[in-house]
Amino acid sequence: MAQVYDGMECPLCSKVIDVDSDFFASTALPDEDGDLIDESDAAMHWACLFAREDADRFLDKLDAGERRSLRANPCWEILVDDAALLVAVNPDPTLDRDFGLSVHVLRTGMSWDLALNRFPACLEAMADPARLSVLPSERRARVAAALEALRAMAPQLTQELRRLDSRVK
Ligand SMILES: [Zn+2]
């Protein structure tokens, strides 16, 4: 998560971001040379993010950075990595089980930290209309399609998760 503070400005419109509102923020993510991706450690208005001309290119860069950062972290194992989804699991048994499953829907800027031991029920959190209302309709459709794909993959994923974590039922 980018550093968030009262009075922070959106780098795209220079207006102050209401920290109590829903806004886009990513962590600091590396490019292929290991340097910080421009604006990867910034917060911005959702509307400004999708209004930028290079929104797809920017999101592709962040998604690639996320993939790189997960691959480089020995705590995480990537379970799904395709054109629509990046799903990773952290099977560390000392971790709070309300986390451990990280789902990114590519080109939407949306990600979820889900409860590993409540899979696949935890996937339903991805359908929260209030949260998705910040997305333009075509991006919302990407999330819906990704959720469908995950539901279809749930039996195999459950097997994988069980292999990694005995507390997955
Ligand atoms: Zn803005």
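1. Let's start with a loop residue. R107 counts as partly exposed because 18 C-beta neighbours lie inside 10 Å. For the cut-offs: a residue is buried if 20 or more other C-beta atoms lie within 10 Å of its own, exposed if 12 or fewer, and partly exposed in between, with C-beta atoms placed from the backbone. R107 is found in the loop between strand 5 and strand 6. Its phi is near 60°, a positive value in a residue other than glycine.

2. Before going on, a word on what you are looking at. This is a predicted model, where local features need pLDDT of at least 70, side-chain atom pairs count only at pLDDT 80 or more, and totals for chains, interfaces and linings use all residues. Residues are numbered from 1 along each chain as its sequence is written. When I say helix or strand, I mean a DSSP run, numbered from the N terminus: H or I with at least four residues for helices, E with at least two for strands.

3. Next, the overall layout. The domain assignment of the protein chain gives domain 1 (1–52) and domain 2 (73–164); such bounds come from an automatic or database domain assignment. Taken over C-alpha atoms, the centres of domain 1 and domain 2 are separated by 22 Å.

4. Four strands form an open sheet in the order 3-4-5-6, with antiparallel pairing. The edge strands are strand 3 and strand 6 (110–115), and each pairs on one side only. On average, neighbouring strands of this sheet are turned by 20° against each other, direction ignored. Two strands count as paired if DSSP finds at least two bridges between them.

5. Take strand 3 (residues 77–81) and strand 4 as a pair. They form a hairpin with three residues between them, and they pair in the antiparallel sense over four bridges. You can trace this yourself: E77 stands opposite V89 in strand 4, while D81 stands opposite L86 in strand 4.

6. What about the other neighbour of strand 4? Strand 4 also pairs with strand 5 (residues 100–105), in the antiparallel sense and over five bridges. In strand 5, V103 is the bridge partner of V87. Strand 4 (residues 85–89) is largely enclosed by the rest of the structure, because four of its five residues are buried.

7. Helix 2 is worth a slow look. Helix 2 (residues 55–72) has 18 residues and reaches 26 Å from its first C-alpha to its last, close to the 26 Å expected at 1.5 Å a residue. That expected span is 1.5 Å times one less than the number of residues.

8. Which residues of helix 2 are buried? They are L59, L62, D63, G65, E66 and L70. These residues cover an arc of only 160° around the axis, which puts them on the same side of helix 2. The arc is that of the directions from the helix axis to the C-beta atoms. On the other side of helix 2, R57 and A72 are exposed.

9. So how do helix and sheet fit together? Helix 2 lies across strand 3, strand 4 and strand 5, running at about 20° to strand 4. The angle is between N-to-C directions, on a scale from 0 to 180 degrees, with axes that are lines fitted to C-alpha atoms, for helices over the stretch in contact. What covers the buried residues of helix 2 includes strand 3, strand 4 and strand 5. Contact here means that the C-beta atoms of two residues, placed from the backbone, lie within 7 Å.

10. Then comes the loop between strand 6 and helix 3. L116 lies in this loop, and L116 is buried, with 24 other C-beta atoms within 10 Å. L116 and L49 are 67 residues apart in sequence and 30 Å apart in space, C-alpha to C-alpha. P120 also has its place in the loop between strand 6 and helix 3. A cis peptide bond joins F119 and P120, with omega about 5°.

11. Is A130 buried or exposed? With 7 C-beta neighbours inside 10 Å, A130 counts as exposed. From A42, A130 is 88 residues apart in sequence and 23 Å apart in space, C-alpha to C-alpha.

12. Last stop: S14, in the segment before strand 1 (24–25). S14 has a positive phi of about 65° although it is not a glycine. S14 is exposed, with 8 other C-beta atoms within 10 Å.
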